[in-house]
Amino acid sequence: MSPAAKVSEFHRQGNDWFCKTGLSSDITVVVDDVKFHLHKFPLVSKCGKLARMYEDSKSTDKKSLWTTVLEEFPGGADTFLIAARFCYGARVDFTSKNLVSIHSAAEYLEMSNEYGEDNLISQVETFLHKHVLRNWKECILALQSSNPVLKTAEKLQTLPKLMNAVSTMVCTDPSLFGWPMMMYGTLQSPGGSILWNGINTGARMRTSGSDWWYEDLTYLSVDLFKRLIKTMETKGIRAESLAGAMMYYARKYLPGLGRWQSGTGASGKRERRAVNFSLAPASLSSSMSPVDQITLLETILSLLPEKRGRSFCKFLLGLLRVAFILGVDGNCVKKLERRIGMQLELATLENLLILNYSDSETLYNVDCVERMIRHFVSSSSQLPDFSPPSLDPGMSPSSSAPLRKVARLVDSYMAEVASDVNLKPDKMRSLAVALPESSRPLYDGLYRAFDIYLKEHPWLSDKDKEQLCNIMDYQRLSIDACAHASHNDRLPLRVVLQVLFFEQMHLRTALAGGLNVANNETAHALTIPGRTTGQEIVQRDGWVTVVRQNRVLKVDMQKMRSRVGELEEEFQSIKQEIKKRVSKSSSSLSSPRLVKMGCKFLLPRASDAKNDTVQSSMSSTPRSAAPDHTLPRSSRHSKHRKSFSFFG
């Protein structure tokens, strides 16, 4: 009777395994420094590799005791012990956790049906198709347990089959086939009711969202996750679903990102319960090493689709912040900056404020934001949106004027970083000129940023202040901004003169426009064709309304005239002060001529202004939108004049 036919029992003594069959051992197999004292016949009859090695050794080694070493055996000594028990006729208990390891070991030992009917490879494949590929939980556990034998299993068809099965189940609603829902941890009947110990409880399963599988994929290693995502891409799974899975995975293991939290809707309110995995790989613990975190970040970046979205842009900015913290390669940072820059109009100020983690003196990483702005300006093509926009519920299908959105964002960013005392004027200028002039219909936001910067940097020279302020187009300042700038002690005197000139232009334009509008409305109201009595009453009521509005406009016109006169008087006072200062200074040769020319050509004389005002008032009335208040007169002779904040 062969040793395999007898009841065999394996036991361990130190670092050696023995099989009690009543016969002495005639073969020793060494796996990872563990010795197995076994018998030739059971092993050679089931394992093609050992049979071939034994035949080769008989011609060279005549010893009765044969010893062989199995290098790089998949699964190690524990998996070989399972294969050895199978050779001795013991029953193997297959589970989803040991399936891939046993399959790899069987392929290594060549345990096919050629060396015995219903051999180990055949039994593994039968268990795989009947009990694993049709069950989501078993597939995830099988993939999770394949990490130790990943190199060997890659050559087999086990991993592709598992990944194809997972991808197919992701594409399909699990409730249609009665698969266990991961968030509940309980089985359901074919009718959709929850089962408890096989008894129908009558409770209905809640509808699953499209992201029900995100949490389970986070238990896979980075390499397996990457392979699975690529398999899902070939299956045609939507890009937004894959991006959501990658964002969820990254937020679980990268510092600072946090866990993905869904927005509004059913998916945001649903409680998430993953499979109760008893096997958690050490490489995916919450304390992932910095090297593994860098690998994960680079892997996620290589997998993310080339698309745009609000939540997606926010996630990319989070990845960029983590990249600076971890000190990743410069190429990775450049890729992130380029992708963010191509959708910069979707970013928010809060996410754009990235702290400076290098040795730079500035608080925020201004250079990074400037590079992203230049990527936005130089990008010729626009990235496609996620469709349908499930990642961004508030995302509009068409984005209007992205250049102006970025300009407002940059102005707000400059106002936020302007309070940094270590920020140089050159950096502020670089940020301001990074966008073309056409991006700003109004320069109020840029003026606010410069005003904050000058307030926090009072030691700047007049030259630096003028170079900074010359970036602004004073014609594009609103009337309120001009009024604030004309009383701003922090601005250079030459800048204030230009602002005063354009403020007068704004007021004169507003005055003329208001008079023309009121005149047109009056002429239209006087044109009353022959109508019925009821229509005439309506026209008379409209005429009364127009007369009342005209009176209000006249009052506003008088106030505006008063304001223009005050500006002219203030300008004359400033001009006299400049002449006094110029006469006392002998070093400046060009300043008197510049100021004189500026006074002569930029600003009209007081008498001309008054004549123009009188002529304008004779033909029309001002518009009702003119300011109804008069700003306090400010004298430039006072060195301690109070400065107020228009944007406060």
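Two directions count as roughly parallel when the angle is under 35 degrees, roughly antiparallel over 145, roughly perpendicular from 65 to 115, and oblique otherwise. Keep that handy for this tour of a predicted model, where local features need pLDDT of at least 70, side-chain atom pairs count only at pLDDT 80 or more, and totals for chains, interfaces and linings use all residues. Residues are numbered from 1 along each chain as its sequence is written, and side-chain values use heavy atoms, leaving out hydrogens and water.

**Stop one: two helices.** Select α5 (residues 120-132) and α8 (residues 158-171). Helices (H or I, at least four residues) and strands (E, at least two) are DSSP runs numbered from the N terminus. The two axes come within 12 Å and cross at roughly 10 degrees, so α5 and α8 are roughly parallel to each other. Axes here are lines fitted to C-alpha atoms, for helices over the stretch in contact, with angles from 0 to 180 degrees between N-to-C directions.

Now show the side chains of Leu 128, His 129 and Val 132 on α5, plus Thr 158, Lys 161 and Leu 162 on α8: they make the contact (heavy atoms within 4.5 Å).

**Stop two: the sheet.** Next up is an open sheet of five strands, ordered β1-β2-β4-β3-β5 with mixed pairing. Strands pair if DSSP finds at least two bridges between them. β1 (9-13) and β5 (66-69) stand at the edges with a single partner strand each, so one side of each has no neighbour in the sheet.

Zoom in on β1 and β2 (residues 16-20), which pair in the antiparallel sense over five bridges. Click His 11, and you'll find Phe 18 of β2 opposite.
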